[in-house]
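Reader: Walk me through this structure. I will ask what stands behind each term.

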Amino acid sequence: MNASELDRRVQVLRRTEVGRSPLNAPIYEWNNLGKPISARRSDVSDVEKAGIWGVRALLVTRFVIRSTPFARQIRHDDQLLHGGLIFNITGIKEVAQERAFLEVTAQTAGVK
């Protein structure tokens with residue numbers, strides 16, 4: 001893999017607590033974390049998705065990003081914004097044999 005394959009832009013979102021409800025439950029707001037970053041996007045096939053996640057109306061995508069100090073701070077409870085869709089992160093791992101990249105698996109129920 002090389003950097004020229006990172007042809008998409010994704011925005012990392014992180015939630016912050018902004019207050020409490022009358023029942024003392026936390027109220028969260030999602031904010032941009034850093035600037036948009038370059039990524040390669042590959043959607044998971046229906047066959048693979050059915051085998052792992054079951055038959056559900058989900059769009060499961062793998063984003064490959066450059067492994068930078070910023071990227072290594074991305075957490076499983078963060079989200080990615082891409083193409084008008086918000087993706088919940090379900091996994092983060094180093095790309096095999098190429099520690100220069102991270103693979104972020106994420107899913108969204110919204111299909112545009």
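Author: The protein exposes about 6900 Å², and carbon and sulfur atoms supply 52% of that area. The area comes from the Shrake-Rupley method with a 1.4 Å probe; for residues, only the protein chains shown count as cover. This is a predicted model: local features need pLDDT of at least 70, side-chain atom pairs count only at pLDDT 80 or more, and totals for chains, interfaces and linings use all residues. Residues are numbered from 1 along each chain as its sequence is written, and side-chain values use heavy atoms, with hydrogens and water left out.

Reader: What pattern does the protein follow along the sequence?

Author: The pattern is β-β-α-β-β-β-β. That is 1 helix and 6 strands. Both are DSSP runs numbered from the N terminus: helices are H or I with at least four residues, strands are E with at least two.

Reader: What makes β1 and β2 a pair?

Author: Two strands pair if DSSP finds at least two bridges between them. β1 and β2 have 11 bridges, so they pair, in the antiparallel sense. Val10 stands opposite Ile37 in β2. The hairpin of these strands has 5 residues between them, and Asn24 there takes a positive phi near 70°.

Reader: How many bridges join β1 to β4?

Author: There are 3 bridges, and the two strands run antiparallel. The count meets the cut-off, so this is a pair too. Leu13 has Gln79 in β4 as its bridge partner.

Reader: Why is Ile86 called partly exposed?

Author: Its relative accessible area is 42%. Buried means under 20%, exposed over 50%, partly exposed in between (1.4 Å probe, protein chains only). The value falls in between, so Ile86 is partly exposed. Ile86 lies in strand β5. Among the residues that Ile86 touches are Leu13, Gln79 and Leu80. Contact means heavy atoms within 4.5 Å. Across the protein, buried residues make up 34% of the 112 residues.

Reader: Which residues touch the most other members of the largest nonpolar core?

Author: They are Ile37, Phe63, Ile65, Ile74, Leu80 and Phe87, out of 16 residues in that core. β1, β2, β3, β5 and β6 each give two or more residues to this core.

Reader: What makes it a nonpolar core?

Author: The term covers a set of buried Ala, Val, Leu, Ile, Met, Phe, Trp, Tyr and Cys residues joined through side-chain atoms within 4.5 Å. Ile65 is one of the members named above. Not counting residues up to four places away in sequence, Ile65 touches residues including Ile37, Ile74 and Phe101.
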